[in-house]
Structures are given as structure tokens and as C-alpha cells.
Amino acid sequence: MSTATEDLPRSADRNAPATVSDPHPADDHVTIIQSTSAWQFVNLRELYAYRDMLRFLTWRSIKARYAQSAVGLGWVVIQPLFTMLTFTLVFGTLARIDTGTVPYAWFSLVGLVPWGYFSSALAGGANSLVGNSNMLSKVYFPRLILPLSDVLSKLFDFAIAFSLMVVALMVAGYFPNAGVLMLPLLVLLMMTAALGLGLWLTTLAIQFRDVAHALGFIVQLLMYASPVIYPAGRVPESYTLPGGVVISPQWIYALNPMVGVIEGFRSALLGTGPMPFGWIALGTATATLTLLSGMVFFRSREKVFADVA
């Protein structure tokens, strides 16, 4: 049975007079850990009570990522830069993927920055319980803090990479248009998608370590299922199945929340086309459903985390 904490007045001490020997006369609260239903969403009140721990773990994750690193924050630039150069050589020069009037290097870079956040936040969230298994059996705290802190800490890298990318685009002559107003929503959408899928994977990974081995493969498949190296417009708008049934592969493709996110970034920063509101709405529905179901699944298995960690 999962547990929750609640701060209640220490009624037994309320009428007791304070004495000189009492080392904590002003401490009039006591924390009670009690059972809660496993099939419920996250307890926001409890999560808020542990906000200092969430802040500490988020900052610890940022510092640990660059501890004893010779390049340090330079990795935030090196990774997307060299990936962009590789993609430009392979897919832009050799495969000659058509990106319209936008050079392939800028096209791929604008896709790589949000994808880099999503993939790293997903991997961090999926490994959060296994990586902190020593904490699970020693002290009670809302377990959701672990994957949530990983998703939040990756925003630090994303903010740096995004700022440098915008500067590079402006130097190259690409200035943001009115679609930039949608960027906060797109960032929230990719965070929701990463946390929702991360909750499913980390809940499975704590019991089945095979998930950790398959994680790299899963992230790679998701990249090819997202418009990182090619424009989403290359996916056919309609397709006729045997028997005359017509389907829309683009709308099925847009069930992946990163389709609307990446194409939205390109629309706002490169002007590749109108803002894909339909794809964003469909991706928002998918990400929200994944997050809510991930929370329920996470809470339902929370009682065994300490035993199998």
C-alpha cells in the first residue's frame, strides 16, 4: 500500500506547558505517514510539502552531470553541433532530403534541440528509480520526485542550447516570427510527453531491468518516428488500404507528441510553414493521456518499489 504524509497539530502536547528543558518548545507539528489508495493520481499537496527536496534533487542532478568534466557545459553545444554536422553530411548531402528553402544544417539543428531535451529527459526519468534505489528503502518521500527532478534538470541544458541556437539562427538571417508565442506551450508539451512516458518506463524498469537495456533502442526508434531528420510533410496525407479503405498516415503519425513540437519549433524559428495547430492538439491529447495513465500506473506499483529496488 502506498503512503502519504500529512502535517497535523500535536494535540497531545497542545495543553502541555513548555518547560525550560524542552529543546523545541515552538515545534507544534508532527508528520504522520498513512495509507492511501494505490489507484489515484499524484497527491499535489504532499508533493508541494516536499518542494525543497525536489529543488535539491534537481540541482544535484545538474551538478552531478558536469562534475569532473573537462568540457563541462560545453557538452550542451558539442552534442547537437556534431550531430547536426553528421546529419547534414549523411541525410543532407548523401541522401539529399528536401528541406525546401531552408539549408539542411539549420533544419536539422532546430529539430535536434527539442529532441535532445526529450530523449535525455526520457532516459533520465526512466532510470531515476533504479539510479536512486538506495534511497527508496531508507526514507519515505513521494517517489514521483525522482523522475520529476530528472525532467526538470534537463531544462537547464535545453535553455542554454536553445539560446545559442536562436543566436546562431539570427546571425544566419533567420528571425523568430509570431509563432514564437507558442514556444512555452511546445516546451510544456515536450516536458509532459517525457514525464508521462518516463513514468511508464521507470515503473517497469525498477522491476524488470530489461527496460534499461532496451531504453537506447526505444529512444532511437522514437527519433526515427519523429521529424528530426526529415520534414513531417514527407509522410503521406492519405493512403488506400486493400479493400478501398482510406487512412491518413499523417494524423496517425502526429499521435507522437514530438511531431507537433518539432514542426512547431521550425515554424516559429525558420518559417517553414504555418503553425501545425492540429498536430499540436493531437499530440497534447496523447501526451496528457500518457501522463495521467503513467501517474496511475506509477502509484499502483509504488508499494513494491522498496522491495524490488
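User: What should I keep in mind about the numbering and the model?

Analyst: This is a predicted model, in which local features need pLDDT of at least 70 and side-chain atom pairs count only at pLDDT 80 or more, while totals for chains, interfaces and linings use all residues. Residues are numbered from 1 along each chain as its sequence is written, and side-chain values use heavy atoms, with hydrogens and water left out.

User: How do you know whether Arg234 is buried or exposed?

Analyst: Arg234 has a relative accessibility of 53%, so Arg234 counts as exposed. Its place is in the loop between α10 (210-224) and β3 (239-240), and, leaving aside neighbours within four places in sequence, Arg234 is in contact with Ile97 and Asp98.

User: What makes Phe87 and Phe91 an aromatic pair, and why is the pair given its particular label?

Analyst: Rings of Phe, Tyr and Trp (its six-membered ring) pair if their centres lie within 6.5 Å, and planes under 30 degrees apart count as stacked, over 60 as edge-to-face and the rest as tilted. The ring centres of Phe87 and Phe91 are 5.4 Å apart and their planes stand at 80 degrees, so this pair is edge-to-face. Phe87 and Phe91 are separated by about one helical turn because they are four residues apart in helix α4, and both are buried.

User: What makes the pair of Trp115 and Phe118 tilted?

Analyst: The angle between the planes of Trp115 and Phe118 is 40 degrees, with 5.3 Å centre to centre, and the pair is tilted. Trp115, at 5% relative accessibility, counts as buried, and Phe118 is buried with a relative accessible area of 5%.

User: What makes a nonpolar core, and which residues have the most contacts inside the largest one?

Analyst: A nonpolar core is a set of buried Ala, Val, Leu, Ile, Met, Phe, Trp, Tyr and Cys residues joined through side-chain atoms within 4.5 Å. The largest has 82 residues, and those with the most contacts inside it are Phe162, Phe265 and Leu269. Phe162 touches Val113, Leu183, Phe265 and Leu269, not counting residues up to four places away in sequence. Tyr117, Phe158, Phe162 and Phe265 also form one aromatic cluster.

User: How many residues of the lining of the largest pocket are nonpolar, polar and charged?

Analyst: Twelve are nonpolar, five polar and three charged, where Ala, Val, Leu, Ile, Met, Phe, Trp, Tyr, Cys and Pro count as nonpolar, Asp, Glu, Lys and Arg as charged, and the others, Gly among them, as polar. In this lining α5 gives the most, with seven residues.

Conventions: Helices (H or I, at least four residues) and strands (E, at least two) are DSSP runs, numbered from the N terminus. Buried means under 20% relative accessible area, exposed over 50%, partly exposed in between (1.4 Å probe, protein chains only). Contact means heavy atoms within 4.5 Å.
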